[in-house]
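Please look at the sequence and the structure before reading on.

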Amino acid sequence: MAEQAQYEELARQLSAIGAVKRELGRILPHDCPAGSAAVLTLLGRHGDMRMSKLAELLAVDMSVTSRHVAHVADRGWIERLPDPADKRSRILRLTDAGREQLTELSRRSSRLFADRLSDWSDHEVGLLIHLMGRLRESFGDCRAVPRPPYVPEASELTTRTPA
């Protein structure tokens, strides 16, 4: 098991990942903010789905999901079809324009990573992918089964933010 200092450094490094996420956000097309990109990515990965499933995958409230869906639908990137099983519900589906936008998003992010990680070996990139996947698995799927909340010890309570 790792030592306390290693966990503290891990927390600092994960906090600093925000800079990577911000740069990924800056390369998005002006008409495709992060929420819209997430909708397209999830529909591309999981296929057609109801809005409730999309909200679950996004791990956000239905009202937030509705705004993201309206944005991508207004641009013609998705269509909202009647759900044959429940006429009150809609099925969300990527359009050809949505698939093109998703391809463009993938191209931009791949190019950014290729540029920033150009001095990394294929092995190092693969190791990072593996370890990030393992870290995510260790935390489980927060949408599926609620985990008991983490309760810090009294000595851990602070108003400081990790550096």
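The structure is a predicted model, in which local features need pLDDT of at least 70, side-chain atom pairs count only at pLDDT 80 or more, and totals for chains, interfaces and linings use all residues. Residues are numbered from 1 along each chain as its sequence is written, and side-chain values use heavy atoms, with hydrogens and water left out.

**The chain**

The protein chain has 6 helices and 3 strands. Helices (H or I, at least four residues) and strands (E, at least two) are DSSP runs, numbered from the N terminus. Along the sequence their order is α-α-β-α-α-β-β-α-α. Of the 163 residues in the chain, 20% are buried; buried means under 20% relative accessible area, exposed means over 50%, and partly exposed lies in between (1.4 Å probe, protein chains only). Among contacts with a separation of 6 or more, 50% join residues 24 or more positions apart, where contact means heavy atoms within 4.5 Å.

**The largest pocket**

The largest pocket has a volume of about 2600 Å³. On a 1 Å grid over the protein atoms alone, a pocket is an open set of points where a 1.4 Å probe fits, with protein on both sides within 12 Å along at least five of seven lines; lining residues have an atom within 4 Å of a point. Grid points are joined across faces, edges and corners, and the volume is the space filled by probe spheres set on the points.

The lining consists of 49 residues, and Ile17, Lys21, Leu24, Phe113 and Met132 are the closest to the pocket centre. Helices H1 (4-26), H2 (34-46), H3 (51-58), H5 (96-116) and H6 (122-139) each give two or more residues to this lining. H6 gives the most, with 13 residues. By class, the lining has 30 nonpolar, 8 polar and 11 charged residues. Here Ala, Val, Leu, Ile, Met, Phe, Trp, Tyr, Cys and Pro count as nonpolar, Asp, Glu, Lys and Arg as charged, and the others, Gly among them, as polar.

Two packed helices are described by the angle between their axes and the distance between the axes. Axes are lines fitted to C-alpha atoms, for helices over the stretch in contact, and angles run from 0 to 180 degrees between N-to-C directions.

H2 packs against H4 (residues 62-74) at an angle of about 80°, and their axes are 9 Å apart. H2 is therefore roughly perpendicular to H4, a label for angles of 65 to 115 degrees (under 35 is roughly parallel, over 145 roughly antiparallel and the rest oblique). Gly35, Ser36, Val39 and Leu40 of H2 meet His68, His71 and Val72 of H4. This contact has 3 nonpolar, 4 polar and no charged residues.

H3 also packs against H4, with axes that come within 9 Å and cross at roughly 105°. H3 and H4 are therefore roughly perpendicular to each other. On the H3 side the contact is made by Met51, Ser52, Leu54, Ala55 and Leu58, and on the H4 side by Met62, Thr65, Ser66, His68 and Val69.

**Single residues**

| Residue | Relative accessible area | Class |
|---|---|---|
| Serine 36 | 1% | buried |
| Threonine 41 | 30% | partly exposed |
| Alanine 59 | 49% | partly exposed |
| Aspartate 83 | 5% | buried |
| Serine 89 | 15% | buried |

Serine 36 is in helix H2. Leaving aside neighbours within four places in sequence, serine 36 is in contact with His68, His71 and Val72. Threonine 41 is also in H2, and its C-alpha atom is 8.9 Å from that of leucine 105, 64 residues away along the chain.

Alanine 59 sits in the loop between H3 and H4. Although not a glycine, alanine 59 has a positive phi of about 60°.

Aspartate 83 belongs to strand S2 (residues 78-83), and serine 89 to strand S3 (residues 86-94). With neighbours within four places in sequence left out, aspartate 83 is in contact with Arg50, Ser89, Arg90 and Ile91. On that basis, serine 89 is in contact with Arg50, Leu81, Pro82 and Asp83. Aspartate 83 and methionine 49 are 34 residues apart in sequence, with 9.4 Å between their C-alpha atoms.
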